[in-house]
Amino acid sequence: MRVGNAIYMDYQSTTPLDPAAREVMLPFIGNMFGNPHSSSHRFGWEAEAAVDVARGHVARLLDVDPAQVFFTSGATESNNMAIKGLALGRQDTPGRIITVATEHSCVLESALASAAFGHEPVILPVQPNGLLDLDVLEAALTDDTVLVSVMAVNNEIGVIQPLEEIAALAKARGIALHCDAAQAFGKLPVETLAAQCDLISLSGHKIYGPKGIGALYVKADIQRKLAPHMSGGGQEGHLRSGTLAPALCAGFGKAAEVAAQGLEQEMARARRHFTQLMDGLEAMDGTFHLNGCEDQRLKSNINVSFEGTDSARLMANLRRLAVSSGAACASAKEGPSYVLEALGVPPGLAEASLRIGTGRFTDDAQVADALSYIEDALAKSRKRTWSK
Amino acid sequence: MTKDLLYLDYAATTPLAPSARAAMERGFDMLGNPSSIHRAGRAARDAINAVRLDLANHFGVTQGQVIFTSGGTEANALALHQVQQERRFASAIEHEAVLAWVPEANHLPVTPNGVLDLEAAEAKLSEAEPGLVSLMAANNATGARQPVEAAAKLAAAHGHLVHCDAVQAFGKIPLDLAALGADFLTVSAHKIGGPKGIGALIVKDGFPLQSLLRGGGQERRRRPGTENLIGILGLGGALETIERYGDMAQFLPLMEQVIAHVGLQNVAAYGAERFPHILSIQMPGIKNQLQLMRFDLDGICVSAGSACSSGKVAGNHVLEAMGYGDRSEEFIRVSFGPETTQGDVARFLAAWDKIQNSAKAAA
């Protein structure tokens, strides 16, 4: 996808709205304007029906009961609702809330906030490849551990955490497992995730749906332990009050359906472009490092560090390529990425990293152009570094 | 043959304004994450901040005082969480999204006219530790206008922060944060022809707001999460034509038409200063659930209180707080918008008579 004269390769940050998602949203910004919680008339019923259809699409991708899928304003809210909700719900039996240093900031901060309810937040380190060491996790688990929260796919470096093994460890001790699957949902097969996790966070705008909508899957037997996140009208099973937006729900649901249909094709495309990008980068002058495990990785994420430059210079010379140097919500922040820091990437290299994200609308020609832009930018930025 | 549907439930939600739809369609083509520093991201950020400025101007505040939320419920929660639970006060007729956070002992009573009892409020607030008082500008069930300025003055005199849930008053009357004397003000887009899923909390300048959600640095760290770009643009679009809702004169004849027909004694809060676009009216002896079914058969969309968790008749707490007791189950709510005509009201009233007469015949 091109925006003006620039190529968009920041698909981990957000994705363009799929035309099919856009199409299903249109009636709900048209004549079907009902409040889905208006139970006394047809405008309400048709809006409610649309919300239910959307819920069904999201549930099908996870292979779960739609009644256990609760819509939120996005993955940030879902993660807050899961972690702080359980922390509050279990404040009478406090214990450890365990998560990982490379989680999204909303997970880390929610875990830290659980201390206010008497819990002990524990942030585990990762290996240099970005993966959680299972022995480290096992050693951290205690009988009083309330929750383990591990993301499926890292938003910055794309590594896929070993959730099956993590779930086995948690299950053996009867500990609840939450998974932020915002970056995995619709990109990888996730239908086994619900068998492993008690809580799963999802986002609409990472799967070609609209921004402002996400969901939390809550396993039935943990629902009563979760304190309501938003009180009021009692919508979404009293867990999350507030009028739902049928347009956003419909767009999210359609995006989930489209993602499910095209999953194999998308994975093949990601693999092809990963190879094309890696081969292209290897053919360039100078040294680069792929951050995060190469095998256990979402192939649409290529996070690389370049020697002899920094990302500010690189980005300045990459005006025709929309990429990022980390998570979008942290883009405005100074300093290197805490995720790369957690991997032990030296500060100099961490500050010279790019996250190149490919997606549904990326084609071979865009990748070839992107590579040539990167090559030019590297040459320019390194020249300046040397002449300093 | 099905009759055309007649929508008289504007207090629940409003049809999307064409200006809002156009703005949202522009948003469909905007790709970037507003937090991304590349051009696509900055374009999205600029679009959001343009709406922020328009909204700030509407309330006489600066852009930094506008925080976008997922709607009125979240904005209310955000305001109320600025103080500890036991220090929160609210009128007994607030929306559930406010009352849910307030201990029952801290509910402030209303008069039989459905208006905050200022004397009783003063008695309670003057004794309490400084906290936060929440009062809606327009009641969502009855349309009764609440004495926000007077209550705010009184609350502030005793050291309380003041929150105004202005969801139903937004667009109907001028709302200037300073003139109201409020520290926080809640609005929602879908009551003024904007989309559902977007609202805002307006905050007093310089107030160190504690975020409800934890996470990224969006909204100056006061509301993390990727912004609802399409929703914000829709709110901006609705704001362009908000004056369609602000002409109270268009609603007065509609209100009078209803009152003349059903009788003043059957109108809740009839003696209150009121917003003419929301009316709670009683059909004596007939349960509102039955009325709603009959109105639906006639293609008329009305409700019984606020639209909340499905199946439940919510909003009865308002009429109960006014002392209606079991009679509160005989009230329905009709609410008007700029599209409503006197002909529409006549059709509603004809159905009203039919339902009333057939119930009488069956009795």
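Chain B carries 31 positive and 37 negative side chains, and the centres of these two sets are 5 Å apart. Lys and Arg count as positive and Asp and Glu as negative, while His and the chain ends are not counted; each charge is placed at NZ of Lys, CZ of Arg, CG of Asp or CD of Glu.

The model is predicted: local features need pLDDT of at least 70, side-chain atom pairs count only at pLDDT 80 or more, and totals for chains, interfaces and linings use all residues. Residues are numbered from 1 along each chain as its sequence is written, chains are lettered from A in the order in which they are written, and side-chain values use heavy atoms, without hydrogens and water.

The fold of chain B contains 13 helices and eleven strands, taken as DSSP runs (helices H or I, at least four residues; strands E, at least two). Its C-alpha trace spans about 70 × 55 × 35 Å along the principal axes.

| Property of chain B | Value |
|---|---|
| Buried residues, of 363 | 64% |
| Accessible surface | about 12,900 Å² |
| Carbon and sulfur part of that surface | 52% |

Buried means under 20% relative accessible area (1.4 Å probe, protein chains only), and accessible areas come from the Shrake-Rupley method with a 1.4 Å probe.

In chain B, 63 residues are in contact with 65 residues of chain A, where contact means heavy atoms within 4.5 Å. The two chains bury about 5,000 Å² between them, 61% of it on carbon and sulfur atoms; buried area is the accessible area (1.4 Å probe) lost on being put together, summed over both parts. On the chain B side, B:F28, B:L31 and B:R214 lose the most area to chain A, together 15% of what that side buries.

Definitions and conventions
Buried means under 20% relative accessible area, exposed over 50%, partly exposed in between (1.4 Å probe, protein chains only).
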